[in-house]
Amino acid sequence: MLSYILNLLPSMLEGLKMTISVFILTLALSLPFGILIALGRLSGNKLISSIFQLYIWVMRGTPLMLQLVFIFFGLPVVGITFDRFDSALLAFVLNYGAYMGEIFRAGIQSIEKGQYEAAKVLGFGPTKAFIRIILPQVIKRVIPPITNEVISLVKDTSLVYIVGLGELLRAGKIASNRDASLVPLAVAAGFYLILTALMTEGFKRYEKKYAYFE
Amino acid sequence: MNKKINRILITFTMIITILAAFTGCSAKEPAAANTKSTGFAKLQEQGYVVVGLDDTFVPMGFRDAKGEIVGFDVDLAKEVFKRTGLEVKFQPIDWSMKESELNSGNIDMIWNGYTITAERKEKVAFSEPYIASRQVIVTLADSAINAKADLAGKTVATQSASSSLDAINTEPGLAASFEGGEPVLFATNNEALMDMEAGRTDAVVADEIMIRYYITERGQEKYKILDEDFGADEYGIGIRKEDTELLEKVNKTLDEMKADGSSAAISEKWFGENIIK
């Protein structure tokens, strides 16, 4: 049994590599993108605000799987072609950006008005005040809901099989089909659990570090 | 306050654009599998052809423990293109997207136990059939089902979107007599067999070549294959309709390989017998 699992590891690790690259790149891009969406959604300009509302509605209102198919197979019809990995990454960032955006919006709106006023009195311009004073407090407050999304993201990466990318769950399914055994799927489950455990622990530490004043 | 948010918004848009442009460049992989070519001359110029396959289809095309793509169809394709003077690249695809992948030019052919059906013929051009198989009925060894008529009132499972399902649907009267009025659909044949072993399914309809692999893997003594079947089927290679020269080359090479016994040798390696048509 142990030797069978060891035998599975090379191909599973190959899949894990894809899972982790989709995960890390999506996370790194969707967080700043989410802040942008939150700001757009909060804009005083009615037009900008409704464009972002429409965007959030479309991205959260349709399945991520459908968005992947649309970007990879649909866009080439109108002459825009991305390769497999780029299509997957684009779909994930656009989708997760919308969710992150709403989390950041809640965070930004939870900051008391006095903070802006205080920043102004201290001579901070609006952009500087937002980045140096508001955003750090927002990040502190949104860590728990962001952790939720991040854990969802770890598991959603399995959807990239639809554009032909081999990831962890796919590697498990291949081995499961080949060997007529459920063990490879259990191994894949183990990897996902390790990944989410690492993420949970990482964000917990981050949360603690930012838990000043409490 | 609103004006402020707009100014912040502009700053962030700029940051994001720079970030996106940066990762966009670094994440670019060589777009090797993205051939837009039609026409054999173009393939020759680029020096390779891209075969699309579902890498879970054992034993036609799948990954071994080392992660290498292997299989009967894979060996056959390698030999065909060795003779044609082209390198062959294998691109894993999702099976439900195979015709989209082909027609958008991401792959040049579908070669993976691809059964010839009238519906698929409308979308792709098929090579001459190279393997003949049939849609068999599998039950547990001690099952009371011994003929097609015994399936009435029983739970029958098959693979979703498969040629087996199409074959069952050619006999709507029989399908309607199944428990639930239709077959139960699974993503893979392996899952259908597992469900049968768990006692929830009474019979599985599947392509004989595909299902024999699983029967051997899971223990031959546990199952029986009925004499009656849901008809014959044939495998072909799917090529874009406009790629006529490629199709001719593939057909011609397959004929040569049949004549000189090299496809028989590949068949012996994977199935222990010659099943080349």
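**Ground rules.** I am working with a predicted model, in which local features need pLDDT of at least 70 and side-chain atom pairs count only at pLDDT 80 or more, while totals for chains, interfaces and linings use all residues. Residues are numbered from 1 along each chain as its sequence is written, chains are lettered from A and ligands numbered from 1 in the order in which they are written, and side-chain values use heavy atoms, with hydrogens and water left out.

**Interface.** I looked up the buried area (the accessible area, with a 1.4 Å probe, that two parts lose on being put together, summed over both) and found about 3,900 Å² between chain A and chain B, 64% of it on carbon and sulfur atoms. Chain A brings 44 residues to the contact and chain B 46 residues, where contact means heavy atoms within 4.5 Å. I also checked S11(A), which lies in helix α1 (residues 2–42) of chain A; leaving aside neighbours within four places in sequence, S11(A) touches A171(A), A65(B) and G67(B). Helices here are DSSP runs (H or I, at least four residues), as strands are (E, at least two), numbered from the N terminus.

**Salt bridges.** With a side-chain nitrogen of Lys or Arg required within 4 Å of a carboxyl oxygen of Asp or Glu, I note three salt bridges across the interface of chain A and chain B. In one pair, E101(B) and R84(A) have their closest N and O atoms 3.0 Å apart, and this pair runs from helix α4 (residues 98–103) of chain B to helix α4 (residues 84–109) of chain A. E101(B) is buried at 0% relative accessible area and R84(A) is buried at 9% (buried is under 20%, exposed over 50%, partly exposed in between, with a 1.4 Å probe and protein chains only).

I then followed D55(B), which is buried at 1% and meets R170(A) at 2.7 Å, N to O, as well as R63(B) at 2.9 Å, N to O. R63(B) is partly exposed at 23%, and a network of salt bridges links R170(A), D54(B), D55(B) and R63(B).

**Helix α10 of chain B.** This helix (residues 244–259) has 16 residues and reaches 23 Å from first C-alpha to last, close to the 22 Å expected, the expected span being 1.5 Å times one less than the number of residues. Its buried residues include L246(B), L247(B) and V250(B), and G261(B), with a positive phi near 85°, follows the helix.
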